[in-house]
Amino acid sequence: MHPNLLDQLQVFRTIVDKGSFTAAALSLNKTVSTVSYAVSALESQLQNELFDRSHYRATLTEFGKEVFDDADQLLRRVDRFAARSALRRNNHKTRLVLSVDLIFPRVVLVKALAQFSEEFPAVAINLCQRDFEQVTEDIKSGFADLGLVRVDTRLSISDIDGMQIGSTQNMLVMSPNHPLAKAGREFELSELDEHRQIILSRTPDKQNRVQAQLHKTEAWTVPDDDTLRALVKANVGWAYVNRHVVWADLADGSLAAPQCRSVRESTMNRLAVIWRLSDPMTGPRLRLAELLRDCFPAAFPDDFFDNFAQWVPD
């Protein structure tokens with residue numbers, strides 16, 4: 001392999017990307033003659049022409065098109081290698097493990113990760129969805145680099161640091177065909193105990209211990225929002241769920257938010273990013289935390305839930 005092969009391939013790719021030898025020379029801060037020489041040397045090594053120079057503007061030959069695809073893949077790998085090497089030199093990880101509370105808004109997470117991937121293409125992400133308690137254990141054990149979790153009195157903060165990044169609200173929902181929704185009146189909190197509750201959890205509560213917002217009623221546990229929504233829509237039971245998860249269902253009438261006399265306001269869930277005290281936030285991890293914080297207002301503007309009243313059954 002020629003010692004300058006990577007440089008020659010870089011010149012070749014830039015010519016194709018920029019559309020001409022002159023534009024490539026400007027982009028690479030080289031002379032046009034230097035760019036032409038690099039392409040000629042590459043063609044000599046490959047023993048075939050990459051460009052058809054019989055017209056005013058050089059165009060790729062069929063052989064050149066095939067070489068370009070291979071060169072582009074190879075140079076992308078080289079770029080990733082260089083980016084990862086730079087991260088390692090600065091003691092930054094090239095793979096981050098995120099332990100995410102089940103209630104964390106997916107829309108916020110996706111927005112933040114999409115922007116993060118553009119800013120740090122060399123950093124890989126592993127996502128793990130967990131119950132509340134497991135997120136803190138993942139951080140303390142060193143399994144996860146960042147935790148996205150609700151701020152709760154049960155949150156053990158020993159050896160953990162963090163910052164609040166946003167909030168969501170829980171609300172009571174059920175099928176429009178549920179007896180309490182069809183009654184057309186406010187009902188007492190105790191009346192919920194007569195009907196099945198659907199709870200979001202990855203670890204079913206085998207010991208029937210008291211959980212936040214768990215009633216005396218028969219309770220089913222499900223591992224994800226989609227299953228919970230489907231069961232509530234099918235009138236299998238009622239649920240407390242984050243507004244952002246069900247707003248579209250409420251808007252199209254497939255779910256209802258009836259009035260419970262003892263539940264006048266939605267429960268606020270404050271959400272935070274947490275990390276180990278012994279592993280302070282820098283570089284890509286700090287940037288990801290900032291993006292998560294900044295994406296909350298974009299995902300949920302102030303007037304996002306203004307039409308809440310229309311979802312309440314008459």
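Me: Is glutamine 47 buried or exposed in this predicted model?
Reply: Exposed means over 50% relative accessible area. Glutamine 47 sits in the loop between α3 and β1 (51–52), and its phi is near 60 degrees, a positive value in a residue other than glycine. With a relative accessible area of 72%, glutamine 47 counts as exposed.

Me: And asparagine 29, which loop is that one in?
Reply: Asparagine 29 also has a phi near 60 degrees, positive though the residue isn't glycine. Its relative accessible area is 73%, so asparagine 29 is exposed. As for the place, asparagine 29 lies in the loop between α2 (21–28) and α3 (32–46).

Me: Which residue in β5 is the bridge partner of serine 99?
Reply: Strand β3 (residues 95–101) pairs with β5 in the parallel sense, over three bridges. On the β5 side, the partner of serine 99 is glycine 147.

Me: Which element gives the largest share of the largest nonpolar core?
Reply: That core has 25 residues, and Leu148 is among those with the most contacts inside it. Beyond its neighbours within four places in sequence, leucine 148 touches residues including Leu98, Phe104, Leu109 and Leu292. Elements giving two or more residues to the core include β3, β5 and α10 (283–299). The largest share, six residues, comes from α10.

Conventions:
Residues are numbered from 1 along each chain as its sequence is written. This is a predicted model: local features need pLDDT of at least 70, side-chain atom pairs count only at pLDDT 80 or more; totals for chains, interfaces and linings use all residues. Side-chain values use heavy atoms; hydrogens and water are left out. Two strands pair if DSSP finds at least two bridges between them. Helices (H or I, at least four residues) and strands (E, at least two) are DSSP runs, numbered from the N terminus. A nonpolar core is a set of buried Ala, Val, Leu, Ile, Met, Phe, Trp, Tyr and Cys residues joined through side-chain atoms within 4.5 Å. Buried means under 20% relative accessible area, exposed over 50%, partly exposed in between (1.4 Å probe, protein chains only). Contact means heavy atoms within 4.5 Å.
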